[in-house]
Amino acid sequence: MASIETAAEHERILREIESTDTVCIGPTLRSVYDGQEHGLFMEKLDGRIRNHDREIEKMCNHHFQGFVDSIAELLKVRGEAQKLKSQVTETNKRLQDDGKELIQSMEELKVCRLQQRNIASTIDKLTQCLPVLDMYSKLQEQMRSKRYYPALRTLELLEHTCLPRAGGYRFCKIMAANIPTLRQEIRDTAMCQLRDFLESIRKHSDKIGETAIKQAQHQHSLDSSVAMQPRTMIGRRSRKGWMENDGQGSSPMTEQDSGILDVEDDEEEEVPGPQELVDFSPVYHCLHIYTVLGLRDEFESYYRKQRRKQARLVLQPHSNMHETLEGYRRYFNQIVGFFVVEDHVLHTTHGLVNSAYVEELWDLALSKTIAALRTHSSYCDDPDLVLDLKNLIVLFADTLQGYGFPVSQLFDMLLEMRDQYGEILLKKWNVTFRQILDQDNFSPIPVSTEEEYKHYTSLFPLQDPDLDKLPFPKKLPFSEFVPKVYCQLKEFIYACLKYSEDLHLSSTEIDDMIRKSTNLLLTRTLSHCLQYAIKKKNVGLAELVQVIINTTHLEECCHFLEEFISNITNVPPDLANATKLYGMSTFKDARHAAEAEIYTNLNAKIDQFLQLAEYDWTAGASGGGASAPSDYLIDLTTFLNSTFSVFTNLPGTPVQHATLPGKVAQTACMSACKHISISLLQLMLDPEVRQISIGALQQVNTDVRECENFARAGPVRGFQGDTLLLAFSDLRQLLDLFTLWDWSTYLADYGRPGSKYLRVNPHTALILLEKTRESGRKNNMFAQFRRADKDRQRLMDTVLKQLRSLIAQHHP
């Protein structure tokens, strides 16, 4: 059985070897070698190989005759092929010999056709190049004859039409490269002509302006009103010839159209125009050339920039212009000449300059002219020169108004000249007021007789029935300063009226101008003089009190000044639009300044006394009764009592000085008390004071009681109840807190409206308590051995912590 199975397995392997790809035969052979019947398998394999060889041999024997027959036929075909090859070679040789002549003829035909094409191309190129050469020749001729405008047209045609058609020849490239040079040459030549034109009109602007002003003077008299006049075309020549040159009114089409206006109808004009003095053709030529070059915007920008520069030069006045009227006349002539030229260019070029540009220049001219007049007229101190200058400005304004320029600001300048005249008066009156103040003795005027009394009441409108009833001799409440200042105010009003009459203004305008000038005199000149007198060194309290009295009376007389102005101008004082005098505010300000100076002087005196304060900040507590007030404080209260008794005219005080007004005295007294209170507190809070004992606090408390006694005594009448004591309330509550050691109440009631120590600041209390604790530590070196001192120290530490916590909560 084993042999049968082995034989079957070998048969299977052989079939698999015969039918399987050689790549996959490895596992099959592996199974043979792994088996035990390797020799038997080899025998069967050899037998199978012999079988296959026999089959191959049989197949070859079967097909051998056909193979031999095929080889014989192939040998016959090879001979025929050799014959065919020799025939083809011979035929090719004959064909090559026969085609040599044809090829030579074709080459000759090719060369002939190429020559024909070259000739045709040459003729075509010459046809295209000849116009270029003709055009370039024409361009050169136009350049030599300086016909630049047609040259630009030719140049444009050559560049954009002829040269692109001609092609990229070397001479075309040379021409194309030369075109920018020619164009630049034309631009430079045109610009050179324009520069010459600009230089010419700059030199002749004076003459042009003089001619234009003569025209205006011919049309308007110097006595005409300065009101706005409708624009008249004075000296404006006909633009018919210009408009016919170009239907759009922009530029002429030929070089001969120079742009000069037609003057054939000048015979109809009675007065020739100032434009006839200038040849504007360079402007038109340059404008046309730059327009063709596509650089019109650049030309407009350049022209406007140059004219702006010339405008600034024209508007720059000479340094000595103010010396004579002729200097002003030359200045105005140049300005008028400049704008006459710009007006002509505006109406003949249609775009080179526009209305906005001219208006901008005119606005610049107005501002510069007005600024120059303001500056130079300030040097004028001759009334005749001022009036002549005013007439010249009127003529200047009328001339430019005739060309359509707004001149309202120039007419306003005429009023500013009046203001300048007023400034001269203000300077004069400033010196006058200063002299009056320097010569015044700041004492009430003594009057011994009725004549003297009438004399002063005629100078100043004093209305005091009580004073009238007093017998002679008596004293007026004010010093010599009041009637002198009032008379000078009236003199100033007369001076203003004298100038205002020459302006041909209405009564209302004159009244308004006089009132404004008077307001300036009051609010500026007189106010500064009063401030100077108040702030001057060595001015005592008596002088300051008299200044308050004087300013009070001058304030009351302001309505008399208004009536005086209404009488000389015939304008009712109650007119709705009438300007009111601001004298009340002026005198109020001066009075307030004097009051503030009084407060400052009083505080300075108080500081002198406080500098004498010498507190022993380490003094021990007094075991007996209250200590006596400090000597410096007693002297201070004595000084304050005597001062306020003198200047408030208390009963029993001789009348030697002016009486301080009640409210001022009350404010001064309250200010002095507050200053004392703050100064005492600052003494305790001084960083240099590092420790304060309870004894020192008791001494300060005694001094504060002395100040409170001064306040209760009523040094100035008018305080209600204990109002004056409020100045010391902060200090009083702070000292009570420390002397009574009432910290529990302070900490418990802090922040409540009805707190006993409402005015005590926790920061201040903390600083003072730390100084007190420091004093306790140094004065009680053995406090740690005494229970009472140790408890007090511990209590201070506790209060300090609570104060810091309180500050952190309410004052982060």
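**Figure 1. Helix α3 bends by about 45 degrees at His63.** The bend at a residue is the angle between axes fitted to the seven residues ending there and the seven starting there. This is a predicted model, in which local features need pLDDT of at least 70 and side-chain atom pairs count only at pLDDT 80 or more, while totals for chains, interfaces and linings use all residues. Residues are numbered from 1 along each chain as its sequence is written, and side-chain values use heavy atoms, with hydrogens and water left out. Helices (H or I, at least four residues) and strands (E, at least two) are DSSP runs, numbered from the N terminus. Helix α3 covers residues 38-144, which is 107 residues, yet its end C-alpha atoms are only 122 Å apart. A straight helix would reach 159 Å at 1.5 Å a residue; this expected span is 1.5 Å times one less than the number of residues. Among the buried residues of α3 are Phe41, Gly47, Arg48, Gly99, Cys129 and Val132. Buried means under 20% relative accessible area, exposed means over 50%, and partly exposed lies in between (1.4 Å probe, protein chains only). Just after α3, Lys146 has a positive phi of about 60 degrees.

**Figure 2. A nonpolar surface patch includes Phe64.** The patch is formed by Phe64, Phe67, Val68, Ile71, Leu74, Leu75 and Val77, and together these have about 700 Å² of accessible area. Patches are made of residues with over 30% relative accessible area and no salt bridge; like charges are joined within 9 Å, and nonpolar side chains (Val, Leu, Ile, Met, Phe, Trp, Tyr) within 5 Å. A salt bridge is a side-chain nitrogen of Lys or Arg within 4 Å of a carboxyl oxygen of Asp or Glu. Accessible areas come from the Shrake-Rupley method with a 1.4 Å probe, and for residues only the protein chains shown count as cover. Phe64 is found in helix α3. Phe64 counts as exposed because its relative accessible area is 53%.

**Figure 3. Helix α4 bends by about 40 degrees at Leu158.** Helix α4 spans residues 148-166. Leu158 is one of the buried residues of α4, which also include Tyr148, Tyr149, Pro150, Cys162 and Ala166. Gly167 follows α4 and has a positive phi, near 105 degrees.

**Figure 4. Helix α7 is largely enclosed by the rest of the structure, because 11 of its 12 residues are buried.** The helix covers residues 281-292 and reaches 17 Å from its first C-alpha to its last, close to the 16 Å expected at 1.5 Å a residue. Its buried residues include Ser281, Pro282, Tyr284, Cys286, His288 and Val292. After α7 comes Gly294, with a positive phi near 75 degrees.

**Figure 5. Ile598 in helix α19.** Ile598 counts as buried because its relative accessibility is 5%. Ile598 and Ile534 are 64 residues apart in sequence, and their C-alpha atoms are 9.7 Å apart in space.

**Figure 6. Ser630 and the residues it touches.** Ser630 is in the loop between α19 (583-610) and α20 (631-647). With a relative accessibility of 14%, Ser630 counts as buried. Leaving out residues up to four places away in sequence, Ser630 touches Tyr615, Gln699 and Asp703. Contact means heavy atoms within 4.5 Å.

**Figure 7. The cis peptide bond from Phe472 to Pro473.** Most residues other than glycine have a negative phi, and most peptide bonds are trans. Omega of the bond from Phe472 to Pro473 is near -5 degrees. Pro473 lies in the loop between α14 (465-469) and β2 (474-475).

**Figure 8. Asn570 and Trp741, with positive phi.** Phi of Asn570 is near 60 degrees, and phi of Trp741 is near 55 degrees. Asn570 is in the loop between α18 (558-569) and α19. Trp741 is in the loop between α23 (729-739) and α24 (743-749). Asn570 counts as exposed, at 63% relative accessibility, whereas Trp741 counts as buried, at 18%.
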